[in-house]
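This report covers selected features of the structure shown below.

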Amino acid sequence: MFGYILRRLAATAPVMLIVAVFVFLMLRLTPGDPAAIIAGDNANSEQVAAIRNSLGLDQPIFTQFFIWFGNILRGDFGESYFFKKTVAELIIGRLEPTLALSIATIIIAVSVAVPLGVLAAYKQGTLIDKIVMGFSVLGFSVPVFVIGYSLIYLFAIKLNWLPVQGYQRIGDGFGGFLQRLILPSVTLSVIYIALIARMTRTSVLDVMGEDYIRTARAKGQVEIKVLFRHALKNAAVPIITVIGLGIALLIGGVVVTESVFTIPGLGRLTVDAVLARDYPTIQAVILLFSFVYVLINLLVDVIYTLFDPRIRY
Amino acid sequence: MVSRSLRLATLAFAASLALGATATARTLRVSLHSDLKIVDPIWTTALITVNHGYMIYDTLFALDEKLAIQPQMVDRYETSADKLSWTFTLRDGLEWHDGAPVTAEDCVASIKRWGARDAMGQKLMSYVAELAAPDVKTIRMTLKEAYGLVMQALAKPGASVPFMMPKRIAETDPQKQITEYVGSGPFIFKADEWRAGEKAVYLKNTKYKPRAEPPSGLAGGKVAKVDRVEWIWIADAQTQVNALINGEVDLLEAPPHDLLPLLAEDKNIELFVFNPAGRQNAIRFNVLHKPFDNPKIRLAVAYALNQKDLLDAVIGNARWYIECKSLFPCGSPLQSTRGWDDKFTSDFTKARALLQEAGYDGTPVALMQSTDIVSLSNLAPVAKSLMEKAGFKVDVQAMDWQTLVTRRTKKDPPNAGGWSAFLTSWASVDILDPVAASFLNASCDKATFGWPCDAEMEKLRDAFSKETDPARQKALAEAVQLRVLEYPTHLPLGQYVQPQAFRKNVVGLLAAPSLALWNIEVK
């Protein structure tokens with residue numbers, strides 16, 4: 001197993017190289033010039049050219065790439081064109097809100113969706129099943145921002161229970177931290193609840209007819225144990241796959257949610273950087289997201305072995 | 001027992017949540033139009049950084065609410081009869097936030113740094129023979145020849161304001177950003193609490209010595225009446241509005257016009273136009289390529305368009321806009337409609353006649369449309385419709401603003417990645433005269449994007465800059481306005497104001513050319 005993990009980690013290197021080349025070229029080939037943005041409305045062509053020169057953007061694209069890539073290999077992601085900070089500082093500053101939002105979302109999604117999915121499977125064909133599946137379709141269909149605004153309207157504006165927006169760092173008080181995390185993470189979790197509940201239902205239904213379920217029931221096990229200890233555990237692999245995929249998809253979801261709820265995380269940083277054509281920041285954030293994506297896939301593969309002893313690497 | 005403990009824990013948790021929602025006393029929480037990313041107001045022209053500048057720095061002169069120039073850090077000033085020598089004496093008791101006294105040397109260094117970056121500053125410095133500090137409170141400026149815009153330059157609001165900084169900071173290379181944020185203004189920047197993308201924090205400068213006069217615009221006594229100001233960055237416009245309704249912020253600087261009815265309905269919220277000069281929409285031409293290399297074809301656009309349709313498309317409610325057939329902003333000293341009464345009437349017959357006279361061959365106008373700025377996005381489709389009725393062929397090319405900003409620097413022909421025209425808007429205070437308005441710069445390659453090239457226009461602008469008599473300045477401004485009809489550099493397309501929205505417990509807002517957060521109390 002350890003050797004497998006090492007091999008997988010080593011395999012991320014070429015993946016990251018391809019991502020780096022791709023991101024770099026994409027950014028340079030899309031329209032937009034940070035120098036013109038920095039120069040502002042009153043600048044003439046000479047002033048824009050001077051800024052372009054100071055940023056090194058007037059050098060051939062391959063020279064720019066090799067300078068940037070060489071710096072990355074030394075652990076230097078460069079300095080943001082706009083924020084007077086290194087990209088590493090910027091990312092570290094934005095990590096906590098995105099991590100908090102992602103973890104809270106996954107906790108809510110898994111703790112709601114798995115029981116719902118099991119319940120729907122157990123009550124297959126009943127009203128409960130139809131309600132859960134109806135919610136599932138709705139959760140998929142309604143855009144995140146609509147859910148966000150609706151929850152804000154109800155819980156913040158009408159009931160005044162929770163704040164509309166903002167993020168409080170955990171170090172500044174747990175109460176405020178939690179208070180500001182509830183609405184965004186519930187908003188973001190809706191789509192994952194829908195996804196995971198549906199997959200859980202299908203997977204549990206697949207195993208409910210198996211012999212070991214009948215045996216467990218014949219041994220007099222209570223139904224809840226049958227469902228969660230025998231059925232769910234054997235149905236876990238596809239559910240874990242979906243949860244893993246969900247975590248990866250969260251990267252996209254946080255961009256919208258962070259915008260609607262004013263959470264200063266990596267999603268907002270990405271949007272701001274793209275709008276300002278802040279190349280060093282965009283490149284670093286996308287590399288980071290890609291790396292996280294690869295790691296999550298690896299983690300999912302490792303977790304498979306915990307639930308299904310037949311899987312060996 | 002367990003149940004009781006659970007209830008107590010729940011109560012404690014609820015209390016902690018409630019505490020989190022309670023606003024700190026005497027804190028003003030505002031949501032501005034943008035996030036504060038750069039804090040050097042000389043290095044960037046970004047409006048958000050100008051707002052930051054007015055919080056922590058002070059200026060030698062400032063505009064009052066009627067756009068008249070008033071001394072601010074300056075106690076008294078005098079000029080020689082030949083207007084070549086200017087002497088400015090600083091007020092007593094001015095102090096930097098670090099406790100050091102403000103000296104004339106600090107101000108000289110500040111003017112020099114600003115003069116190296118800003119177009120109007122560069123123009124002023126090109127006339128300056130010597131800028132000196134003969135003593136700690138006296139600044140002496142000696143000019144090579146008379147220059148009519150000394151005061152206008154030093155009182156300049158809008159983009160790139162001549163803010164005063166300590167000498168050690170002002171001596172930073174103008175091409176590099178400052179790294180220390182010490183001013184002498186009414187608020188102190190809490191750099192340790194500044195989180196770009198989240199919030200910026202300012203504390204009341206308790207040692208600030210305001211002028212004795214009542215506050216007016218950016219001039220007069222700047223008295224900070226709250227202990228702390230928090231700029232909370234909320235990117236989403238709807239969330240900004242929700243936050244104000246919910247009392248999480250006290251003031252919105254720039255709520256979008258389409259959401260104003262929602263705010264107007266709320267009994268706890270009021271709307272207030274803090275900058276009556278507002279903004280002016282404009283169409284900018286690229287004179288390098290067909291069809292707009294021909295001035296008559298550019299003039300035909302003035303007959304084809306009308307301001308009402310364009311303003312209705314982006315602002316909607318006529319309460320927030322005015323049609324203004326003046327090159328210089330309506331409400332400003334140089335406002336004039338001379339020669340412009342018959343323009344912007346959608347007189348398609350006249351426009352067609354002009355196109356025929358000019359020999360328009362049907363070359364399409366590559367009109368760049370910014371799609372991500374609400375106040376601009378609908379201008380291009382309306383302009384296209386009106387211009388096509390006059391006989392133009394118009395190819396609207398949609399893009400985000402930053403792509404437009406990049407593309408407008410390209411001198412290539414429109415069919416090779418260049419452009420013919422785009423629509424934008426300016427803060428009125430940035431275009432108060434022919435020198436400040438950079439679209440009027442017609443110095444060919446040295447002009448801004450569009451590169452107008454007209455010796456007559458440059459002669460008039462130069463004459464304006466040397467003129468010191470206001471009446472003759474006004475006559476020259478009118479001459480510029482008439483010259484624009486012969487050689488259109490751009491065309492003004494109406495003016496609009498941006499109301500602020502605030503909760504009713506906020507009092508003391510000031511009408512000013514830039515955001516002024518002093519004099520405000522939170523009751």
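Helix H10 (residues 307–314) of chain B lies across strand E13 (279–285), E14 and strand E18 (490–496) of chain B, and runs at about 55° to E18(B). Axes are lines fitted to C-alpha atoms, for helices over the stretch in contact, and angles run from 0 to 180 degrees between N-to-C directions. Helices (H or I, at least four residues) and strands (E, at least two) are DSSP runs, numbered from the N terminus. The model is predicted: local features need pLDDT of at least 70, side-chain atom pairs count only at pLDDT 80 or more, and totals for chains, interfaces and linings use all residues. Residues are numbered from 1 along each chain as its sequence is written, and chains are lettered from A and ligands numbered from 1 in the order in which they are written.

The open sheet in chain B has 6 strands in the order E14-E18-E13-E17-E15-E16, with mixed pairing. Two strands pair if DSSP finds at least two bridges between them. At the edges are strand E14 (321–322) and strand E16 (394–399) of chain B, each pairing on one side only. Strand E15 (residues 365–370) of chain B pairs with E16(B) in the parallel sense over 6 bridges; B:Met368 has B:Gln397 in E16(B) as its bridge partner.

Helix H13 (residues 379–389) of chain B has B:Leu379, B:Ala380, B:Ala383, B:Leu386 and B:Met387 buried (20 or more other C-beta atoms, placed from the backbone, within 10 Å of the residue's own). These residues are on the same side of H13(B), because they cover an arc of only 130° around the axis, taken from the directions from the helix axis to the C-beta atoms. After H13(B) comes B:Gly391, with a positive phi near 110°.

B:Leu124 is in helix H4 (residues 119–127) of chain B. B:Leu124 counts as buried because it has 26 C-beta neighbours inside 10 Å.

In chain A, helix H5 (residues 87–122) and helix H8 (residues 174–208) pack at an angle of about 35°, their axes 6 Å apart. The contact between chains takes 41 residues from chain A and 40 residues from chain B, where contact means C-beta atoms, placed from the backbone, within 7 Å.

Terms used
Buried ≥ 20, exposed ≤ 12 C-beta atoms within 10 Å, placed from the backbone. Contact = placed C-beta atoms within 7 Å.
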